[in-house]
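Please go through the local features of this model, one question at a time.

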Amino acid sequence: MDPPADVEVVLTHDRVHYFDSSTLRRHSTFFAQNLSTKNAVRLAGRAKNAGVTTRWRVELRELPPNGGNTGRLHLIELDSMGRVGPSYTPLMPLNENGKVPLKLFEHYENILGAFYGREIEINDMSIASALEDAVGLTEVAEYLGSIAVVSKSIDIALFKQGQVLFRSISVNPSAWADLGYRIQSELIYKETVIHLAGRWPGLTDAEKAALHDDTRAVCQKHHEKLQEKRKQLELCVVAVYPGGLTKSKDEEHRRQQYSNDVLVWVSLSYFRHWFAQNIINGNGSLSKDGGYKLYSQLAAAGDAYMDKGLMNQFYKKFTMTKKAQGVVENHLLEFKECIKQAVEKSNILESESQLDLHRHPVNYLTCAQVDKVDFPWLKTREPLKRTRVIRNAHSFFDANGDDINDMDLDENEDYKRSRNT
């Protein structure tokens, strides 16, 4: 037998709902604290005989902006018949002039319905509409202490956006890290940490300080791992020697054997000169892009760096015949291939992000490997607290001047096709 509907929840004059207190308390810390025996009315016998079961009445008395983003619920005093007292001020009908927060009421009804197993409804026809609902539902769920009820539905709705989601995360990972943290989304949080760790050298102290303490610690951890990876690669690059240069103790060590390799050593010297200049000028691990441009050049090999124009500058200072120049450049090309293999072996340019980098390239490393141990909500049973107030979906896009509508249009055809398959 279902428990009686002993709680009356009034959102507006025409949005009145009835629930049982045990279900509300089980799914919401707000109701667990407020629907106490102390706050319940003791119904008179004639009220019970008349079928009255309401022992608590909760009303959304304060609306935004005075009531914050979510409004504020208030317990209303009832008499022994389960009715409001003579001093009660009725909720006034809302003037629906475009400023009424109708979405807010829908979010409350969505979440309260989810307590009873009904599916959370999110408009996922675009990233803008999905974000509007996601942010609103998150705010209300945090207020009610029911974030677990909405997190999975929000996660699924946003994931349906595919590359639109991943592109918008790359545009403003800080805002998305906040949302991912708040709704406990492993997918979104992992993606944001990958981008933040890659961007870390270029972030200002203020941008880092704006992150939640847990998120900042995770990003710092993966930044340090990337720094070690960069250091190992750069050490490897300066220590690479073509196989033909090495001499074993069993080989002849005469001058003739070394003179045959003199142009190989010249090409090696030129490369190390160029590489040292780049490191000293801050183009390696100490650059704002974390060495991405430099490592990409090394991985491309060929004429991606030290091309004919640059080599001609060397030849002006170190004159040699055309034939010798050709030999040096051939050795250099072979040497670049060795360096390319070293970069590929390091996996530093491999991407752990789900962003399609061929269509939407970024200029930093995305190889951070984020695991479950990095998710803060798996380390504590305490409810996560919000880190900032996000008022609208555009907060997730404006950081770099990108327009949310442009992002939707870019991927709209792909999204429609995915919906129809």
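**Local features of the predicted model**

Ala301 counts as buried in this predicted model, with a relative accessibility of 2%.

Q: In which loop does Ala301 lie?
A: The phi angle of Ala301 is near 55°, a positive value in a residue other than glycine. The residue lies in the loop between helix 14 (292–300) and helix 15 (308–317).

Q: Is Asn347 buried, partly exposed or exposed?
A: Asn347 has a phi near 60°, which is positive although the residue is not glycine. Its place is in the loop between helix 16 and helix 17. Buried means under 20% relative accessible area and exposed means over 50%. Asn347 has a relative accessibility of 40%, so the residue counts as partly exposed.

Q: Is Ser353 buried or exposed?
A: Ser353 is found in the loop between helix 16 (322–346) and helix 17 (404–420). The cut-off for buried is under 20% relative accessible area. Ser353 has a relative accessible area of 11%, and therefore Ser353 is buried.

Q: With which side chain does the side chain of Ser353 make a polar contact at 2.4 Å?
A: The side chain of Ser353 makes a polar contact with the side chain of His195 at 3.4 Å. The contact at 2.4 Å is with the side chain of Glu191.

Q: Which residues form the positive surface patch?
A: One member, Arg55, lies in the loop between helix 3 (45–49) and strand 3 (56–62). Patch residues need over 30% relative accessible area. Arg55 has 31% and is partly exposed. The positive patch is formed by Arg25, Arg42, Lys48 and Arg55.

Q: How much accessible area do Tyr241, Tyr258 and Trp265 have together?
A: Tyr258 is found in helix 12 (residues 255–259). With a relative accessible area of 40%, Tyr258 is partly exposed. Tyr241, Tyr258 and Trp265 form a nonpolar patch on the surface, and their accessible area together is about 320 Å².

Key
Residues numbered from 1 in each chain as written. Predicted model: local features only at pLDDT ≥ 70, side-chain atom pairs only at ≥ 80, totals over all residues. Heavy atoms only, no water. Patch = residues over 30% accessible without salt bridge, like charges linked within 9 Å, V, L, I, M, F, W, Y side chains within 5 Å. Areas by Shrake-Rupley, 256 points an atom, 1.4 Å probe, with all protein chains shown as cover. Salt bridge = Lys/Arg side-chain N within 4 Å of Asp/Glu carboxyl O. Lys, Arg positive; Asp, Glu negative; His and termini not counted. Charge placed at Lys NZ, Arg CZ, Asp CG, Glu CD. Helix = DSSP H or I, 4+ residues; strand = E, 2+ residues; numbered from the N terminus. Buried < 20%, exposed > 50% of the residue type's maximum accessible area, 1.4 Å probe, protein only. Polar contact = N/O pair within 3.5 Å; in protein donor to acceptor, adjacent residues only side chain to side chain.
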